[in-house]
Amino acid sequence: MAAISIIAVVLSLMMGAQAFTPIDLWRLSQGEGELLQWILFWELRLPRTLLALLVGASLATAGGLMQGVTRNPLAAPDLTGVVAGAACMVVILSTLASVDAAWYPLAGVAGGAFVGVLTFVIAWKNGLMPVRVVLAGVAMSSMCVAVMTGLLVFSGAEAGELFFWLAGGISGRGWAQLAQVIIWTGPPLLLAMLLVRWFRVLLLDDAVGRSLGISVSRWRLMFMLLAVVMTAGAVTVAGPVGFIGLVVPHITRQLLSEQSVAWLPLNAVLGGLLLLWADLMARLPATAQEVPLGVVTALLGGPWLLLLMHKNIRRAG
Amino acid sequence: MNKVGVTPAVCWMLLPLAIVLGLLLSLSFGASSLSIEQVFGALIGNGNEHGERVVWELRLPRAVLATVVGLHFALSGCMLQALSRNPLADPGVLGISAGASLLAVMLVVGASMLPIGTSFNLQGDQLLAWLPWGALAGGILAALGVYLLSGSARLTPLKLIVTGVVCAAVLNAIMTGVLALWGQAHTETLVAWLAGSLHGRDWHHLWVILPWTLVGLIGVVITLRPLGLLRLNDEQVLSLGLDLGRWRLLVLLVATLLAASAVAVAGPIGFVGLVVPHIARGLVPGNLPHQLGISALLGALLVLVADLAGRTLVVPFELPVGVLCALIGVPAFLYLLKQQP
Amino acid sequence: MSLNAERVQLGYDGNTIIHELSVAIPMQQVTALIGPNGCGKSTFLKSLAGLLRPTLGRVTLNGRSLENWPRRELALEVAMLPQKPVAPEGIRVRELVEYGRFPYQSILRGASREDREVVAWAMQQTGVECYAEKPVQALSGGQQQRVWIAMAIAQQAKILLLDEPTTFLDWGHQLEVLELLTKLNLEQKLTVAMSLHDLNQAAQFADHVLVMEQGTLLASGAPENVIETGMLASVFNVDAEVKIRANGKPCCLAKGSMNRLRGPAWIKDVV
């Protein structure tokens, strides 16, 4: 596990339009090397790597939290409309108003929270059946996409840029973006880790949780809010990248029981690594532009997701 | 439960009237308004040149196309909902529209990358000849993929929906990626098309889709009775002697052809196939043939009205018809989802 | 006419549920399948209806293996009512019963006069003709089940298989359904085979009882021969008394669970 992560990090630092060799990396870390390499490393490669880890960890944790507290293996920021909602709000702000970019994450949080809540409210009918949530989420996402499309039609020239953002990607992101994201994803992540004890109780039946003296609905709300904030932060900087939040928790569940205290941290680490790998693969093809991250995660996550869903259905009878 | 359905006869009489009214309104309103006399004049060939041009070359084909496209999507959705025994299915949810769009986008992008022609637009004749076939192929491939991945003959309605949702998500992501990478030069037209748009559609598009309307309607008639039966348990359907696998595939094929051919001409308009059948089921519960017919008429009406609204609400801009259908359709859909047990 | 299972083995996804079952379903009689949950009653009934293919052995109808029966021909001989049948929302009773005529109709042609007559007859036999134009969902559980039976007999098959037809009904409705099945068996010479949870109902209404446990057939015969204390103890874990009623059919009175007899001493004296 540790070996894989180190290799991944190193590879990430190595690859790109200008490749470094491990020796270069060593020299750079010692403070030597050419100026151009230095800039590339410190200003682009390193923050990008860190960003990938952070975004992946946030999305995976958000997904893990949502799946855990709703006890619904199909819950995830992207399938419940949170991602689309966050993106939509950002698009609305950027096309209709000229707002300082620093406000985007907040807008994303508002949009994501609003749409996510709506999804669950709509899907609730004597409980939350997984398939209903997915369908409601798909509907809400579609509406957000429709709104975004409408706005894109009006925005004309900037549509191209927005489109690229909509496909997801972290190319060209540097320390500034990292700093921005950390504010919105760091605290929720930490908080989620600290509150793991309540998370584990929520994994059980509602009635059991209440009898243990925990205000089940309040904590559920709290964790959902954390998930939304984390997602919004990640989406603001990386665009709506899908599948990570949905698939990674399932993988983690294969490795470790959800009840274990180490589950959330492991999930976050896995998420970060997976997104890093995805980003690596996005940089791999020798195209003029990188493959959008959303495409890579879709291609990786899609088949996996299908497998998961079929297993799920069979188990449910 | 004392839900009284409206008698089918009422719907069958009112809806066509409403469509005709909608058509007339579509012919009158738009960037330039024509009076009723002018419209009628143009229709019989007795009007002034401007009126005739607007009616015959711009509005009539577009309006008729809107009704046909709406009919396609609504019928497709109605069939898919009966097939999957789930009122929340439609060509978009099941990935058919996504597949059709993806292939269409790839064609557009691919054509611009080949040395054939450096400038073209989505309404250009040369590309247009291939686009519908591309979209059709894309839709069929997507449907086939979803069918196979759901277990082919062993598919259950639930698996079909779940697989469809995932495939739709994957295909849409890929399409966004393709657009982002290579569609830069044509983003505006592509974006409008992707929302579902009837802008600039003329008689050519209509001739492209009408054969498929015929094929689709024939398909509906053939699969009508088995489709009614498919709404029961799998075991009962088998015990009544129906070849489950074969008929499911056939129904899926017909629904796909209807949806994909509509996407080919107008882009992936969502929610028509989702919401309209639901309303039809509310009006004539339990009776599938009537539901199909009323869905078709309602769908035609909806798209016609949405297109009219899109053209006239924010003059001189034009809202793509898909955006309007979404704005009308989503709240309706969510309301219906709330009602569904 | 005959419906036999010959050394049939059945399973799903690699799990074997039925091991080497051989039984001949008696024709023109009412047969009840009883056994604890998970013993394979449902699975077995599905194989008899041709809905599940045996991994080993075969099920034969009139001497021909079910695999060699084209589905439509089979539908003319055997009708099956599964556990929780689903009716499309809003469908009327008459429309649902009409579906039972499907094996006799072509794809394009609708109901013929004969079809309509059979449908009317089926609704009359099951006592639901007064609800013909009502939506199925508006009826009570017992009435709905009768509608499903009407659909099954509209198929005019000679064998009717039912998977737990009474499990989800009120007591009164359960008896309604069982009395109907008995009537159909006597008047129309319909062969009925059904799985039941209530042993006394099986004893009362069946001519022939099959006892299953963990995928094997433990006993087969008339109720008075099969339903006895030893079987009840070993298969159902119930310490019971079996009395014979005035009509010659057995009736079980439970005294307690077998665990009570094997458990701590102070429980023994509760009952």
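# Close-up views

**The open sheet of chain C.** In chain C, six strands line up as an open sheet in the order β6-β7-β8-β3-β9-β10, with mixed pairing. The two edge positions go to β6 (78-81) and β10 (216-221) of chain C; each has a single partner strand, so one side of each is left without a neighbour in the sheet. Direction ignored, neighbouring strands here are turned by 15 degrees against each other on average. What you're looking at is a predicted model, where local features need pLDDT of at least 70 and side-chain atom pairs count only at pLDDT 80 or more, while totals for chains, interfaces and linings use all residues. Residues are numbered from 1 along each chain as its sequence is written, chains are lettered from A and ligands numbered from 1, in the order in which they are written. Helices (H or I, at least four residues) and strands (E, at least two) are DSSP runs, numbered from the N terminus. Two strands count as paired if DSSP finds at least two bridges between them. As a reminder, strands of a sheet pair through backbone hydrogen bonds, either parallel or antiparallel.

**Strand β7 of chain C and its partners.** On one side, β7(C) pairs with β6(C) in the parallel sense over four bridges, and Val78(C) has Ile159(C) of β7(C) as its bridge partner. Four bridges also tie β7(C) to β8(C), again running parallel, with Leu162(C) standing opposite Met194(C) in β8(C). Both faces of β7(C) are covered: Ile159(C) and Leu161(C) on one side, Leu160(C) and Leu162(C) on the other, are all buried. "Buried" means 20 or more other C-beta atoms within 10 Å of the residue's own; 12 or fewer is exposed, in between is partly exposed, and C-beta atoms are placed from the backbone.

**Strand β3 of chain C, with a helix laid over the sheet.** Strand β3 (residues 30-34) of chain C runs parallel to strand β9 (residues 208-213) of chain C, joined by four bridges. Look for Ala32(C), which sits opposite Val209(C) in β9(C). Helix α1 (residues 41-48) of chain C lies across β3, β7 (159-162), β8 (191-195) and β9 of chain C, and runs at about 150 degrees to β8(C). Axes are lines fitted to C-alpha atoms (for helices, over the stretch in contact), and angles run from 0 to 180 degrees between N-to-C directions.

**Glu98 of chain C and its surroundings.** Glu98(C) belongs to helix α3 (residues 93-99) of chain C. Is Glu98(C) buried or exposed? It counts as buried, because it has 22 C-beta neighbours inside 10 Å. Leaving out residues up to four places away in sequence, Glu98(C) touches Ala111(C) and Val119(C); residues are in contact if their C-beta atoms, placed from the backbone, lie within 7 Å. The C-alpha atoms of Glu98(C) and Gly110(C) are 10.0 Å apart, with the two residues twelve positions apart along the chain.

**Where chain C meets chain B.** Here 26 residues of chain C are in contact with 18 residues of chain B. On the chain C side, α2 (71-77), β6 and α3 each supply at least two residues, and α2(C) gives the most, with four. By class, that side of chain C has 17 nonpolar, three polar and six charged residues. Ala, Val, Leu, Ile, Met, Phe, Trp, Tyr, Cys and Pro count as nonpolar, Asp, Glu, Lys and Arg as charged, and the others, Gly among them, as polar.

**Two helices packing in chain B.** Helix α3 (residues 49-83) and helix α10 (residues 244-266) of chain B pack at about 150 degrees, with their axes 9 Å apart. That makes α3(B) roughly antiparallel to α10(B) (under 35 degrees is roughly parallel, over 145 roughly antiparallel, 65 to 115 roughly perpendicular, and the rest oblique). Residues making the contact include Leu65(B), Phe73(B) and Met79(B) of α3(B), along with Arg248(B), Leu252(B) and Leu258(B) of α10(B). The contact of α3(B) with α10(B) has 16 nonpolar, three polar and one charged residues.

Chain B has 13 helices and zero strands, and 57% of its 341 residues count as buried. Among chain B contacts between residues at least 6 apart in sequence, 78% join residues at least 24 apart. Chain A comes to 14 helices and zero strands, with buried residues making up 52% of its 317 residues.

Notes. Two residues are in contact if their C-beta atoms, placed from the backbone, lie within 7 Å.
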